[in-house]
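Please open the model in a viewer and keep the selection panel at hand.

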Amino acid sequence: MKKYNVGIIGATGMVGQRFLLILENHPWFNVKCLAASSASAGKKYRDALKRWHMSGAMPEKFADMTVLDATLDKEKIAAQVDFCFCAVNMPKDEIRELEYAYAKLECPIVSNNSAHRFTDDVPMIIPEINAEHLEVIDAQRKRLNTKRGFIAVKSNCSLQSYVPLLHPLKKFGILNAAVCTYQAISGAGKTFETMPEICDNVIPFIGGEEEKSEKEPLKIWGEVKGGKIIPAEAPKITAQCLRVPVSDGHTAACFVKFQNKPKPEDILGAWENFAGEPQKLNLPSAPKKFIHYFAEENRPQPKLDRNLEGGMAVCAGRLREDNLFDYKFIGFSHNTLRGAAGGAVLLAELLAAKGYFD
């Protein structure tokens, strides 16, 4: 595989910092430039940071890179890189405008933002589940009048804790599902120092999260028709989302009703044997085993299991029959690795392997 030069737009934020840790020694991707807001532009990266949020040390190779202005230096950035990761904290309409601008400069964007998740010719990818949606990029390029430029996005971080567990069970005919997610503070870009109100507390509201949790899976399970992704109409999902005092890792309590109720061993077998395109292609960031089931009654746990397979695996546990639905179980994933920066890097690896950056 050839080496690709990449940029990180939004490099000073929590997800941007996670990108740097992941990409420090990546075998395919070489970080060529860092970009952020005008307040950080012109400064060395170490000086532009208000706070380094990661537990791992800041990679020295990036500390003295000069931060570029994500808005004013678009042409300069696009000329240096093969594609960019984007994880910015801006209003959605401004994000859409920014990502379109890079794409029209023939710089593909792999986005961690939500702004384009429901643009019907922008693929929203969980690489193990709907890699075939990448084919809509051809239609998007025609609309944008680009040869290389496009936008591809990853889904909301909380989806990774339950959608990968529901997906292998669709063959049994999922009628509907209910999910309650218990989401870490890093999903809000916070630490215990910057979010003291979460200590000894649970906050039963995360703005926009329940709508995303109910609607995004239907786009992921949709199909490409006429140059657009047509969302699936079923299964119906209802969600509640809570912020809990956990640093990293989103937990989901999931309840499922089936058209054809499987046996518990059928569900466990479907999880055990499921693999997707990243495993078949042996992508660098792909977990060798996508879904790990824990038989212990007290697993999975964020503190014990968030770094399984480099934080890129999805965990399940406590599968049992339910007296209202057919089954209930617990799901779990690392929200800033599998759910955010790591998922975007895996998506970029899939795009590279399929030739979309060439």
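**First stop: a stacked ring pair**

Select Phe357, which is buried, with a relative accessible area of 2% (buried means under 20% relative accessible area, exposed over 50%, and partly exposed in between, with a 1.4 Å probe and protein chains only). This is a predicted model, in which local features need pLDDT of at least 70 and side-chain atom pairs count only at pLDDT 80 or more, whereas totals for chains, interfaces and linings use all residues. Residues are numbered from 1 along each chain as its sequence is written, and side-chain values use heavy atoms, with hydrogens and water left out.

Rings of Phe, Tyr and Trp (its six-membered ring) pair if their centres lie within 6.5 Å; planes under 30 degrees apart count as stacked, over 60 as edge-to-face and the rest as tilted. By this rule, the count comes to 16 aromatic pairs. The ring centres of Phe83 and Phe357 are 4.1 Å apart and their planes are at 5°, so this pair is stacked. Phe83 belongs to strand S4 (residues 83-86) and Phe357 to the segment after helix H13 (337-353), so the pair ties together parts 274 residues apart in sequence. Helices (H or I, at least four residues) and strands (E, at least two) are DSSP runs, numbered from the N terminus.

**Second stop: Trp271 and Tyr293**

Now select Trp271 and Tyr293, a stacked aromatic pair with 5.9 Å centre to centre and 25° between the planes. Trp271 sits in helix H10 (residues 264-273) and Tyr293 in strand S13 (residues 291-294), so that distant parts of the chain, 22 residues apart, are linked. Are these two residues buried or exposed? Trp271 counts as buried at 1% relative accessibility, while Tyr293 is partly exposed at 31%.

Select Tyr4, Phe19, Trp28, Phe29, Phe83, Phe85, Phe150, Tyr356 and Phe357 together: ring pairs link them into a cluster.

**Last stop: the whole chain**

Along the principal axes, the C-alpha atoms fill a box of roughly 60 × 50 × 35 Å. Finally, colour by burial: buried residues make up 58% of the 358 residues.
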